[in-house]
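Please look at how charged and aromatic side chains pair up in the structure below. A short report follows.

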Amino acid sequence: MMDYLLTEQQIMVRDLARKIAKEKIAPVAAEHDEKETFPWDIMKVMAESDLCGVYIEEKYGGLGGGAMELCLVTEELSRACGGIAICFAATALGTYPIILFGNDEQKQKYLPDIASGKKLAAFALTEAGAGSDAGAIATTARKEGDYYVLNGVKQWITNGGEAEVYSVIAMTDREKGARGASFFIVEKGTHGFDFGKKEKKLGIRASATRELVFNECKVHKDNLLGREGMGFIVAMKTFDKSRPGVAAQAVGIAQGALDHAVKYSRERKQFGKTISSFQGLQFMIADMATQIEAARALTYAVARMVDSGARDVSKESAMVKLFASDTAMKVTTDAIQVLGGYGYMRDYPVEKYMRDAKITQIYEGTNQIQRNIIALEVLKEQLRK
Amino acid sequence: MNIIVCIKQVPDTQDIRINPETNTLMREGVQSIINPFDMYAIEEALRIKEKLGGKITVICMGPQQADAALREAVSMGVDEMVLMCDRAFAGSDTWATSYTLAKGIQKLGKFDLIICGKQAIDGDTAQVGPGIAATLDIPQVTYVKKTEEIKEDMARFEKMTEEGFEVIETPLPCLITVVKEINIPRLPSLKGKIRAKQAPVTTLTAKDIDAEPGKLGLKGSPTVVKKVFTPPKRTGGQILQGDTNEVVNKLVEALKDMVVAAGKT
Ligand SMILES: Cc1cc2nc3c(=O)[nH]c(=O)nc-3n(C[C@H](O)[C@H](O)[C@H](O)COP(=O)(O)OP(=O)(O)OC[C@H]3O[C@@H](n4cnc5c(N)ncnc54)[C@H](O)[C@@H]3O)c2cc1C
Ligand SMILES: Cc1cc2nc3c(=O)[nH]c(=O)nc-3n(C[C@H](O)[C@H](O)[C@H](O)COP(=O)(O)OP(=O)(O)OC[C@H]3O[C@@H](n4cnc5c(N)ncnc54)[C@H](O)[C@@H]3O)c2cc1C
């Protein structure tokens with residue numbers, strides 16, 4: 001086992017998450033996947049175990065950790081179920097705008113309930129006409145006295161309908177273009193805020209993905225995050241911190257698939273021997289394990305960079321999201337290969353890992369967009385030399 | 001409500017090896033866990049405390065390593081831990097163990113409720129809980145599957161029986177032993193784990209508990225293990241089939257045969 005020099009507390013966090021994954025999540029993962037039910041059972045266990053607030057300041061009821069703790073928990077949960085893990089990780093994504101740009105009152109009001117696991121959060125940027133091109137969002141927020149009035153539809157919002165707290169980006173001044181967007185905290189139950197239907201998905205089927213519909217929805221100006229016009233900065237800074245979390249999800253999914261594949265290869269006999277004795281298969285396993293370890297090492301390195309307070313982590317967090325998610329896709333596909341026809345069957349757990357892995361190449365910026373970010377940064381660096 | 005939970009550290013395996021010479025358990029190299037039935041005892045204590053407030057103390061008689069079991073209980077939310085550890089306690093049978101734990105509990109002061117698991121998975125005797133109650137001369141309810149009501153000075157429990165259950169009301173303080181039907185034990189919490197690492201363990205030795213030396217350890221243990229074996233499996237018996245008349249006739253015939261067979265021997 002690689003020694004990543006985790007602190008005693010980080011080991012404690014990882015071990016507890018591992019225990020929950022093994023004892024509580026693994027037995028119900030297939031059922032939540034099959035029935036597409038939201039894992040409130042597991043969210044309750046997470047809350048009781050104090051894991052919901054590992055990345056939140058102690059002052060607001062958290063453990064006082066950061067991206068590293070977020071990654072450790074997400075990885076371990078994903079090893080058992082990437083869909084259940086994302087309910088936790090998407091809450092972190094929805095909470096980061098408050099952590100990074102909230103004032104003390106906003107933090108006091110929202111963070112303790114999120115840290116205790118009483119409430120889930122969500123992050124709402126994507127719209128039908130604005131995916132990779134975030135600047136194309138059409139949802140508006142019109143100022144009226146002490147309120148902003150939101151109109152528009154957000155699409156594919158993870159934890160939509162289940163979460164209580166939503167970080168939502170809307171255009172406050174279309175004229176100003178990229179400087180005309182602002183982020184708001186909107187609570188479930190606010191008048192004029194409704195949910196569309198739950199999406200049917202390929203993978204991460206335990207997680208809920210819904211539309212958010214804003215129709216003359218009045219939000220008090222105290223719920224504006226940062227200043228008016230800072231919306232895209234909030235979004236970009238949030239992604240910089242949260243992308244290692246997607247990478248951790250990918251690493252966990254890949255590891256879970258490898259665990260199953262290795263176990264199976266030692267039991268399955270063909271040609272009178274266990275298939276693990278064939279070099280053709282051993283080489284696959286060796287490659288899978290190596291790729292996972294490289295992805296994990298990069299994930300922890302970037303998470304630590306984020307936690308060190310480094311000012312600009314865009315390139316690194318794009319790299320880790322890209323590399324880990326591509327690794328997960330490759331490893332989970334190979335894991336099915338190791339199981340042969342059995343891997344293709346839903347009675348075996350491995351095909352689910354491949355379905356769950358796919359999303360990590362798409363959300364929080366597709367891998368093409370990550371490459372855009374990386375290339376841009378690399379080319380800029382050359383210019384500075 | 002002052003609750004005391006007695007826990008035992010046991011080897012984490014179903015096929016425990018036994019030393020053929022001493023007929024005692026070989027514990028070396030086997031991972032230790034809290035006796036699974038004691039996990040239900042801890043959980044029940046936590047639930048009662050959540051309702052009524054108070055304090056939970058876990059107590060364990062065992063070697064220094066049993067410290068880990070106590071800390072795990074604290075990570076689940078227990079308040080205080082006591083380890084009864086002394087060479088004089090070594091070799092205790094259920095009689096001496098009950099006596100020692102009872103003396104330790106007396107030393108801790110006033111209590112309202114003692115909770116034990118119904119039995120330990122390594123010894124399977126189910127004697128220590130009742131033994132503690134007898135030594136302390138307090139009421140006991142064994143095989144509790146539900147706490148129906150609990151107040152300052154009385155409690156009502158559902159006790160599992162082979163046919164169903166009995167409802168038993170008892171004054172407090174009392175001792176109960178619990179079965180696995182009673183609850184689902186929680187996992188430890190992060191804050192609990194952090195506290196468990198630092199929390200102090202009170203250690204009680206033979207000197208601390210004013211025990212009669214002759215009643216402790218091997219000396220105080222009247223039990224002698226002669227042989228350990230698995231009892232032969234019960235066979236399924238015979239099922240008579242047919243309508244009532246037919247079955248009754250067959251049964252009468254069978255009984256007659258048995259009487260005759262018995263008369264011959
Ligand atoms: C299950 C799920 C959960 C989600 N959860 C959330 C959430 O919680 N909150 C939220 O705001 N959003 C969420 N999303 C939305 C997600 O972030 C978007 O799907 C993603 O950003 C891609 O946008 P798109 O789907 O519109 O694809 P498009 O932007 O239409 O992209 C289509 C293809 O074109 C490529 N492409 C686009 N632009 C370029 C370019 N400039 N150069 C090269 N290639 C390009 C893309 O890489 C992709 O391959 C979720 C999506 C899914 C599927
Ligand atoms: C959807 C589906 C439809 C099917 N339809 C049919 C059908 O119509 N008719 C039919 O007869 N069968 C059918 N099959 C069976 C299919 O042909 C087998 O699944 C396939 O031959 C692989 O066998 P296996 O699944 O037992 O895998 P295994 O043989 O157990 O292989 C497991 C892994 O070990 C590797 N391996 C095995 N031996 C060696 C070796 N010597 N050296 C290196 N690596 C090795 C394999 O490449 C694989 O990665 C179907 C299967 C599926 C999933």
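Does B:R156 count as buried, partly exposed or exposed? B:R156 counts as partly exposed, at 23% relative accessibility. Here buried means under 20% relative accessible area, exposed means over 50%, and partly exposed lies in between (1.4 Å probe, protein chains only).

This is a predicted model, where local features need pLDDT of at least 70, side-chain atom pairs count only at pLDDT 80 or more, and totals for chains, interfaces and linings use all residues. Residues are numbered from 1 along each chain as its sequence is written, chains are lettered from A and ligands numbered from 1 in the order in which they are written, and side-chain values use heavy atoms, with hydrogens and water left out.

**Salt bridges**

Side chains of opposite charge can pair when their charged atoms come close. A salt bridge is a side-chain nitrogen of Lys or Arg within 4 Å of a carboxyl oxygen of Asp or Glu. Over all chains, the structure holds 48 salt bridges. Three of them are listed here.

| A:D33 | A:R205 | 3.5 Å |

Take the salt bridge of A:D33 and A:R205. The pair links distant parts of the chain, 172 residues apart. A:D33 sits in helix 1 (residues 8-35) of chain A. A:R205 sits in the loop between strand 6 (193-198) and strand 7 (209-220) of chain A. Helices (H or I, at least four residues) and strands (E, at least two) are DSSP runs, numbered from the N terminus. Both A:D33 and A:R205 are buried.

A:D259 is partly exposed, at 32% relative accessible area. A:R79 is partly exposed too, at 26%.

B:E169 counts as exposed, at 53% relative accessibility.

Salt bridges can also share partners. In this way A:D33, A:E36, A:R205, A:E351 and A:R355 join into one network.

**Aromatic rings**

Rings of Phe, Tyr and Trp (its six-membered ring) pair if their centres lie within 6.5 Å; planes under 30 degrees apart count as stacked, over 60 as edge-to-face and the rest as tilted. The whole structure has 16 aromatic pairs over all chains.

Why is the pair of A:Y55 and A:F88 edge-to-face? Their planes stand at 70°, so the pair is edge-to-face, with ring centres 6.3 Å apart. A:Y55 lies in the loop between helix 2 (40-48) and helix 3 of chain A, and A:F88 in helix 4 (residues 82-101), so the pair ties together parts 33 residues apart in sequence. A:Y55 counts as buried, at 4% relative accessibility. A:F88 is buried, with a relative accessible area of 4%.

A:Y342 and A:Y348 form an edge-to-face pair, 5.4 Å centre to centre and 65° between the planes. A:Y342 is partly exposed at 35%, and A:Y348 is partly exposed at 31%. Ring pairs also link A:Y166, A:F193, A:F195 and A:F214 into a cluster.
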